[in-house]
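Work through the exercises below with the sequence and the model open. Try each task before reading its solution.

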Amino acid sequence: QVQLVESGGGLVQPGGSLRLSCAASGSIFRIYGMGWYRQAPGKQRELVALIIEGGSTHYADSVKGRFTISRDNAKNWVYLQMNSLKPEDTAVYYCNAHLSRYDSDPPTGYWGQGTQVTVSS
């Protein structure tokens with residue numbers, strides 16, 4: 001079994017900061033990439049940031065320069081530092097990991113349960 005657990009969401013004023021964390025646990029052989037997605041009410045889930053094996057990162061245009069994704073490979077954790085938050089960043093943020101559970105297991109995506117981020121004065 002694989003489990004992803006997010007933490008760190010909450011209510012913050014515009015211009016503020018939050019740090020999201022996600023811990024991947026269970027039967028994990030290899031993690032190819034980890035990322036953060038978000039879904040606002042009435043909108044489709046969208047990619048926010050991605051970090052792949054080796055450390056390369058990718059960001060949505062809307063968060064470039066404000067958000068930073070990082071990863072602790074030893075602990076299978078991924079973080080999202082969010083600065084200069086805007087009301088339009090309000091959404092449920094989901095952690096995703098693309099991984100294999102054992103040597104011959106095809107890579108599969110797993111999701112966390114989500115954490116609410118609300119940016120409001």
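**Exercise 1. Salt bridges**

Task: Which residues are linked with R38 in a network of salt bridges?

Solution. The network links R38, E46, R66 and D89. A salt bridge here is a side-chain nitrogen of Lys or Arg within 4 Å of a carboxyl oxygen of Asp or Glu. The model is predicted: local features need pLDDT of at least 70, side-chain atom pairs count only at pLDDT 80 or more, and totals for chains, interfaces and linings use all residues. Residue numbers start from 1 along each chain as its sequence is written, and side-chain values use heavy atoms, without hydrogens and water.

Step 1: E46 bridges to R38, with the closest N and O atoms 2.7 Å apart.

Step 2: check burial. Buried means under 20% relative accessible area, exposed over 50%, and partly exposed in between (1.4 Å probe, protein chains only). R38 is buried at 6%, whereas E46 is partly exposed at 36%.

Step 3: The whole structure holds six salt bridges. Among them is E53 with R30, at 2.8 Å from N to O. E53 sits in the loop between β5 and β6 (57-59) and R30 in strand β4, so this pair ties together parts 23 residues apart in sequence. E53 is partly exposed at 39%, and R30 is partly exposed at 37%.

Step 4: D61 is exposed, with a relative accessible area of 63%.

**Exercise 2. The open sheet**

Task: Give the strand order of the open sheet of four strands.

Solution. Strands are DSSP runs (E, at least two residues), numbered from the N terminus. Two of them pair if DSSP finds at least two bridges between them.

Step 1: read the order. It is β1-β3-β8-β7, with antiparallel pairing.

Step 2: find the edges. β1 and β7 each have a single partner strand, so one side of each lacks a neighbour in the sheet.

Step 3: inspect one pair. Six bridges join β1 to β3. Q3 stands opposite S25 in β3.

**Exercise 3. Aromatic pairs**

Task: How many aromatic pairs does the ring rule count?

Solution. Rings of Phe, Tyr and Trp (its six-membered ring) pair if their centres lie within 6.5 Å; planes under 30 degrees apart count as stacked, over 60 as edge-to-face and the rest as tilted. The count comes to three.

Step 1: Y37 and W111 have ring centres 4.9 Å apart and planes at 65 degrees, so they are edge-to-face. Y37 lies in strand β4 and W111 in strand β10, so the pair joins parts 74 residues apart in sequence. Y37 is partly exposed at 21%, and W111 is partly exposed at 39%.

Step 2: W77 and Y79 are stacked, 6.0 Å centre to centre with 20 degrees between planes. W77 is partly exposed at 29%, but Y79 is buried at 14%.

Step 3: ring pairs link Y37, Y94 and W111 into a cluster.

**Exercise 4. The nonpolar core**

Task: Which residues have the most contacts inside the largest nonpolar core?

Solution. Such a core is a set of buried Ala, Val, Leu, Ile, Met, Phe, Trp, Tyr and Cys residues joined through side-chain atoms within 4.5 Å.

Step 1: the largest core has 31 residues, and W36, L80, M82 and Y93 have the most contacts inside it.

Step 2: elements giving two or more residues include β4 (30-39), β8 (77-82) and β9 (91-100). β9 gives the largest share, five residues.
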